[in-house]
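Hello,

Here is the structure for you to look over. My notes follow below it.

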Amino acid sequence: MMRRTSRTIRIRRSPETPMTTRRSRGAARAAAALAAGVLAVSLTACGGDDDGGDDDKGGGAAGGDTGTTVTLPKLDGETLEVAAVWTGAEQENFKKVLAEFEKRTGAKVTFVPAQDPIINFLGSKIAGGAPPDVAMLPQPGAIKQAVEKGWAKPLGAEAAKELAENYSQGWQDIGTVDGRQYGVYYKAANKSLIWYNAQVFENAGAAEPKTWEELLTTAQTVYDSGVTPFSVGGADGWTLTDWFENVYLSQAGPEKYDQLARHEIKWTDPSVKEALTTLAGIWGKQDYVAGGASGALQTEFPASVTQTFTGGDQPKAGMVYEGDFVQVNIAETEAEVGKDAKVFPFPAVGDDPPVVSGGDAAVILKDSPAAQALATFLASPDAAGIQAKLGGYLSPNKNVPNSAYPNEVQRKMAKALLDAGDDFRFDMSDQAPQAFGGTPGKGEWKALQDFLKNPKDIAGTQAKLEADAAAAYGN
């Protein structure tokens with residue numbers, strides 16, 4: 001399961017690293033507009049132009065399953081375990097990357113399926129004396145917790161060198177704790193996208209919206225055509241935090257976003273009330289959400305996608321919000337990305353459209369030459385190039401050639417991610433302590449699920465969010 005990926009406006013360091021560089025509001029808007037513009041121009045056309053054209057400028061790395069840009073040691077007889085919460089196609093595609101590592105080193109790697117919250121899962125493994133060698137952690141806060149608990153081991157010289165050569169400083173910084181590098185952000189996500197059933201839009205005469213008001217108009221147009229506008233995977237609370245973050249970032253602005261992410265302002269702040277009120281404009285209309293609130297709360301993320309792209313021109317919903325990784329689930333249907341399944345940037349709620357990112361970082365828990373070699377491999381264009389070709393994946397590695405991605409939609413998303421450089425914001429809930437921002441049935445996940453059930457209770461939702469945040473942050 002992939003969970004989130006934020007980019008917009010100023011450089012966002014890891015929560016424990018102070019921000020030292022800031023951009024002007026105007027420059028920030030330009031960066032966000034550029035990223036959104038690139039997506040808006042390209043996301044309606046997905047061709048078979050696999051040569052990459054002028055976009056194929058990936059720093060000279062060959063990538064792919066035949067590329068060898070990094071030298072790995074011989075590790076015959078060595079064994080490794082890698083834990084991650086990924087399931088389905090994401091897990092299978094990552095296993096192909098691990099298979100290449102095995103081929104090149106002689107080591108044997110076993111994938112260990114983990115459960116959310118992964119910190120709790122790892123804690124039980126460590127308590128039992130059997131931690132995995134490497135864990136893919138989906139949150140900067142989880143990396144910090146792993147360091148504070150003494151579980152995480154710093155990257156060695158080779159892995160750090162590979163990271164420095166292939167990643168912007170911002171992506172390096174969010175894997176750093178107390179000045180030491182612990183995380184390799186192997187996977188990223190653009191989490192400011194709304195996917196739609198092209199046939200539904202065509203039948204309804206609906207247009208791609210650029211603002212929140214236009215989104216509401218589009219939703220009504222789809223509804224009037226006989227199709228429920230939105231599919232919401234409310235059984236997975238993280239999808240709801242992503243909805244909130246996009247609305248909040250665009251409406252309240254980056255400064256407030258940063259303050260709320262660090263709990264420097266309370267969740268009872270008027271800006272939170274405004275964002276929840278905005279969300280209620282969709283969540284509060286039962287006919288706008290497939291299955292109503294009760295149905296959405298029983299719908300897991302993968303099903304929220306597949307039910308939007310099955311059923312011909314009468315699917316359960318016309319649109320579904322989530323990141324670029326939605327493509328993995330679309331691939332489980334007969335819909336073709338770029339033809340049957342299209343996408344537009346999350347509409348602007350305030351002055352600027354939001355661009356939110358998240359990611360998964362490889363962190364070493366059992367230090368060894370084999371674990372360090374795997375971290376080095378995952379920091380290379382070689383590893384990322386393999387998974388890029390399989391689709392449903394974005395890499396923050398700037399030396400993965402754009403041509404490695406399988407279609408024009410994916411190439412444009414990757415280019416927008418890299419064009420942002422250090423101008424990104426990471427998913428807010430992923431920056432929070434896991435007890436608040438990353439635990440099923442608790443904290444922000446549970447509060448927003450309850451809000452989806454009763455969108456009229458804005459004050460009660462704010463009070464619950466603040467109580468849980470205060471307990472988790474300790475302030």
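Helices (H or I, at least four residues) and strands (E, at least two) are DSSP runs, numbered from the N terminus. This is a predicted model, where local features need pLDDT of at least 70 and side-chain atom pairs count only at pLDDT 80 or more, while totals for chains, interfaces and linings use all residues. Residues are numbered from 1 along each chain as its sequence is written, and side-chain values use heavy atoms, with hydrogens and water left out.

**Gln410**

Gln410 sits in helix H17 (residues 408-419). Gln410 is buried, at a relative accessible area of 0%. Buried means under 20% relative accessible area, exposed over 50%, partly exposed in between (1.4 Å probe, protein chains only). A polar atom of the Gln410 side chain lies 2.5 Å from the backbone oxygen of Tyr393. Contact means heavy atoms within 4.5 Å. Beyond its neighbours within four places in sequence, Gln410 is in contact with Asp324, Gln327, Gly392, Tyr393, Leu394 and Tyr405.

**The sheet**

Five strands make an open sheet with mixed pairing, in the order S2-S1-S3-S11-S6. Its edge strands are S2 (108-113) and S6 (183-190), each pairing on one side only. Two strands pair if DSSP finds at least two bridges between them. From one strand to the next, the twist averages 20°. Angles run from 0 to 180 degrees between N-to-C directions; axes are lines fitted to C-alpha atoms, for helices over the stretch in contact.

Thr79 has Lys108 in S2 as its bridge partner. Helix H2 (residues 88-105) packs on the sheet and touches S1, S2, strand S3 (134-137) and S6. The direction of H2 makes about 160° with that of S2.

Lys187 stands opposite Asp360 in S11. S6 is mostly covered, with eight of its eight residues buried.

**H2 and H16**

H2 also meets helix H16 (residues 381-390). Their axes come within 9 Å and cross at roughly 145°. From H2, the residues involved are Glu90, Asn93, Phe94, Lys96, Val97, Glu100 and Arg104. From H16, they are Asp382, Ala383, Ile386, Gln387 and Leu390. By class, this contact has five nonpolar, two polar and five charged residues. Here Ala, Val, Leu, Ile, Met, Phe, Trp, Tyr, Cys and Pro count as nonpolar, Asp, Glu, Lys and Arg as charged, and the others, Gly among them, as polar.

Best regards

Terms used: Polar contact = N/O pair within 3.5 Å; in protein donor to acceptor, adjacent residues only side chain to side chain.
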